[in-house]
Amino acid sequence: MDSNAAPLGTLPVGLAMALAENPQAMAAFSRLPLTEQDQMIHRAHLARSKDEMHALVAGLLR
């Protein structure tokens with residue numbers, strides 16, 4: 001992971017799991033500036049289902 005990336009231990013569990021299942025999305029997340037990673041983490045806290053979390057992660061590849 002990039003040195004600018006948030007360590008996986010600081011991520012919500014659902015986001016960490018969804019990123020772990022999608023290596024391309026994990027790479028995209030690690031390339032985001034820290035402010036955008038923080039925004040993604042905030043949105044992950046608002047996700048109410050596994051499907052919402054996967055949609056959030058899939059959005060990294062668009």
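This is a guided tour of a predicted model, going from the whole chain to single side chains.

**Before you start**

Residues are numbered from 1 along each chain as its sequence is written, and side-chain values use heavy atoms, with hydrogens and water left out. Because the model is predicted, local features need pLDDT of at least 70 and side-chain atom pairs count only at pLDDT 80 or more, while totals for chains, interfaces and linings use all residues.

**Stop 1: the whole chain**

Show the protein chain as a cartoon, and you will find four helices and zero strands, running α-α-α-α from the N terminus on. Here helices (H or I, at least four residues) and strands (E, at least two) are DSSP runs, numbered from the N terminus. Of the 62 residues, 34% count as buried, where buried means under 20% relative accessible area, exposed means over 50%, and partly exposed lies in between, using a 1.4 Å probe and protein chains only. Among the contacts with a separation of 6 or more, 64% are between residues 24 or more positions apart, a contact being heavy atoms within 4.5 Å.

**Stop 2: the nonpolar core**

Next select Leu 11, Leu 15, Leu 19, Phe 29 and Leu 60, which have the most contacts inside the largest nonpolar core, a group of 16 residues. A nonpolar core is a set of buried Ala, Val, Leu, Ile, Met, Phe, Trp, Tyr and Cys residues joined through side-chain atoms within 4.5 Å. The elements that give two or more residues to this core are helix H1 (13-20), helix H2 (23-31), helix H3 (34-46) and helix H4 (50-58), and H1 gives the most, with four residues.

**Stop 3: helix H1**

Select H1 and colour its buried residues, Leu 15, Ala 16, Ala 18 and Leu 19. They lie on the same side of H1 because they cover an arc of only 165 degrees around the axis, the arc being that of the directions from the helix axis to the C-beta atoms. These buried residues pack against H2, H3 and H4, whereas the face of H1 turned away from them carries the exposed residues Val 13 and Ala 20.

Which residues does Leu 19 touch, not counting those up to four places away in sequence? They are Leu 11, Ala 25, Met 26, Phe 29, Val 57 and Leu 60.

Now centre on Leu 15, which is buried with a relative accessible area of 0%. Leaving aside its neighbours within four places in sequence, Leu 15 is in contact with Met 40, Ile 41, Ala 44, Met 53 and Val 57.

**Stop 4: helix H3**

Move to H3, whose 13 residues should span 18 Å at 1.5 Å a residue, and whose end C-alpha atoms are 19 Å apart, which agrees; the expected span is 1.5 Å times one less than the number of residues. In H3, Gln 37, Met 40, Ile 41 and Ala 44 are buried, and their arc of only 100 degrees around the axis puts them on the same side of the helix. What covers them includes H1, H2 and H4, while Thr 35, His 45 and Leu 46 are exposed on the other side of H3.

Is His 45 buried or exposed? His 45 is exposed, with a relative accessible area of 56%, although its C-alpha lies 8.6 Å from that of Leu 15, a residue 30 places away in sequence.

**Stop 5: Gln 37**

Select Gln 37 in H3 and show its side chain, for this residue is buried with a relative accessible area of 0%. A polar atom of the Gln 37 side chain lies 3.2 Å from the backbone oxygen of Phe 29, and the side chain also reaches the backbone oxygen of Leu 32 at 3.0 Å.

**Stop 6: helix H4**

Finish at H4, where Met 53, Leu 56 and Val 57 are buried. Seen down the axis, these residues fall within an arc of 95 degrees, so they line one face of H4, and what covers them includes H1, H2 and H3.

Notes
A polar contact is a pair of N or O atoms within 3.5 Å; within protein, one must be able to donate a hydrogen and the other to accept it, and residues adjacent in sequence count only if both atoms are side-chain atoms.
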